[in-house]
Amino acid sequence: MPNNNEETNQEVTPGQAQLDSSLTQKIKYLQTLQSALHEHDDRQIYELIDKPRYDREVKKSRSTTKTQNLADLVANDHEQLSHYLSENLIDYLGKTYPFFYYDEVRNGEFDIYFGNWWDRRKFGKLDVLNVAFEFDETEYGKLKRSFELDALNQRYNTDNIAEISANSAQLQKLIDGQDERDHQKETLRQQLKEVSQKSTLPWDSGKVKEERQTIVDQLSKLADDDEEAINANKKIKENDEKILSLSKEDTILTYEKQSIQQRFEDFSHFESHNQSLYTDYLTSLIGKGQVNVDD
Amino acid sequence: MLMINENDPSTLSTSGRLLSYNNAVKEGLKIGQQFTELMDQLINTKDPKELVAAAQTLSVFELDSDYVTFPHQYNNADYYLVFMSRLLELHDQGEAITLDSHEDNQHLTQQISALGDLGVFAFVSANDNTGGVYYQDKVTGETLFYLNLKRRMMRINSSAITKLFIETYADKLEKEHLLSATDLLIAFGQALKADFGFDVDFNLLDTSNNEFYAFQTSNLSGEIVDKLFVAAASENYMLKHDKDGAVLELAPDLKLKIASHNATGGAAWGLYVSDEDQTVSWFKVLLEYPFLRKWYLENIDDLQIRSDNLVF
């Protein structure tokens, strides 16, 4: 018969006491988290899921007291937490970064789009739980570079476009020079005929051969040009397509640059804002949880 | 009643033949009489219903008979020109066109005052066995619209409007003249709609916001939109991402939308032009914005606004 009498269980070992305290902490942790969720106290939720960071970056406390990492308890719930927390975070980001748009591709997982213009770029991901942008390195690098080039009054693809345009101009010249080449070929063929008809005295043969070769070489160079001219229109069209896609990229980068300038003046301010995003956001939430409950 | 076998003249007496001849002439004159009554009606009536009835009858009228022929006759299609002029006159737009009669070979042409000497218009038969006609510029051969009185329909031809008003006349005439010329076509279509319940497709001249201007291509390439994006940016307009394509705000109250669905939700690529008063058409936008005109014309094979393919 099971003994339900507490009296007989008085003897508590230190190990049991520790377990008991640990369980109590966990229960308390989960209860606090749950009530924070009920009260829409996002600040507290953030504090609970990453206490060390919160203490360091929001409370600015220097102590490095080791606390039990209870956040692991809800590791399985990150998707839902992220989905839940995104609502207020995205609202907040909308004010600071009006040019970012978010697409929840999976529950709690957000892609960032830069701008609302045609074919805007996918710019990275939003890490809701860590209140951080994870920018796509390539795209971010291009934008950073455009800011650097701005000082030189250049756009990201200016050099590239100039080079391709020069190539097209060259090709166009080749097309336009067709009549001229036809005329040259005619003359050279005539010369070749004349050379061939020259007396081939033994002591002249070397010289004649040489003369012939020069003409043949010239003709073959012209034939090469002719062939290139035949493909030139196609190449020019390909170049036009390349220029279009580069111009489009430049236009997008310009819009991105302008968006950042309008909001942050320059790229370094933008970067520093991104770095302090966690602190800024959570500070803005202090006191808000209670207010919402009163509503 | 005389019983005469007309197929066998030998059976007829002389008086019989004379009677027969006389009856045939009477019949021919009656037709002539009927014709002049219809002409009176076409030229003078103030009632739109009588006007269209006269035009419709005259457009298929056979004036000549075996015994009575008339050396001076207009083409059947010419009566459509009279009809058009008269209808516009009844709607106080008579000044906007002039009807010219060419006595030498007896035919009519029309000029649109706003176009000066540039266009000479006449109707030509569509040869579609339903009395359809095309309103054609004799100089370029472009047909601006199709008209069918019997089937009560009018269809504007987008390709001809583009060729004449956006390309050919564009650097010869002021914008407001081009607009008053197309306004005249609209007024004619509106009159047909209002007076006779015609089904009118104004095509790229339509100013209503829910008019879907369908592109020729059903599969618009991203590259063509990219071209517009870049061209617009260099004119300080931003082509924006839109849930169903892209949108360009040309003025606070003027939006151009590129959409992948038509007004009834069917899959198709085309444009919407929206403004509060619904007074702007794709045509007006083309006249107003050179960068859009350039984009449209450079990609015309894909972008040409579709016309009713049953008649064009």
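Local features were taken at pLDDT of at least 70 and side-chain atom pairs only at pLDDT 80 or more, while totals for chains, interfaces and linings use all residues. Residues are numbered from 1 along each chain as its sequence is written, with chains lettered from A and ligands numbered from 1 in the order in which they are written.

Over residues 291–295 of chain A, pLDDT stays under 50. Where pLDDT is low, the predicted coordinates should not be read in detail.

Chain B is assigned domain 1 (14–203) and domain 2 (213–303); the bounds come from an automatic or database domain assignment. Their C-alpha centres lie 35 Å apart. Contact (C-beta atoms, placed from the backbone, within 7 Å) joins 6 residues of domain 1 to 4 residues of domain 2. Helix 5 of chain B gives the largest share of the domain 1 side, 4 residues. Helices (H or I, at least four residues) and strands (E, at least two) are DSSP runs, numbered from the N terminus.

Chain B also holds an open, antiparallel sheet of 5 strands, in the order 8-12-11-10-9. Strands pair if DSSP finds at least two bridges between them. Strand 8 (213–214) and strand 9 (239–242) of chain B are edge strands with a single partner each, so one side of each lacks a neighbour in the sheet. Strand 9 and strand 10 (residues 245–251) of chain B share 4 bridges. Here Lys240(B) stands opposite Val247(B).

How values were computed. pLDDT is the predictor's confidence in each residue, from 0 to 100. Two residues are in contact if their C-beta atoms, placed from the backbone, lie within 7 Å.
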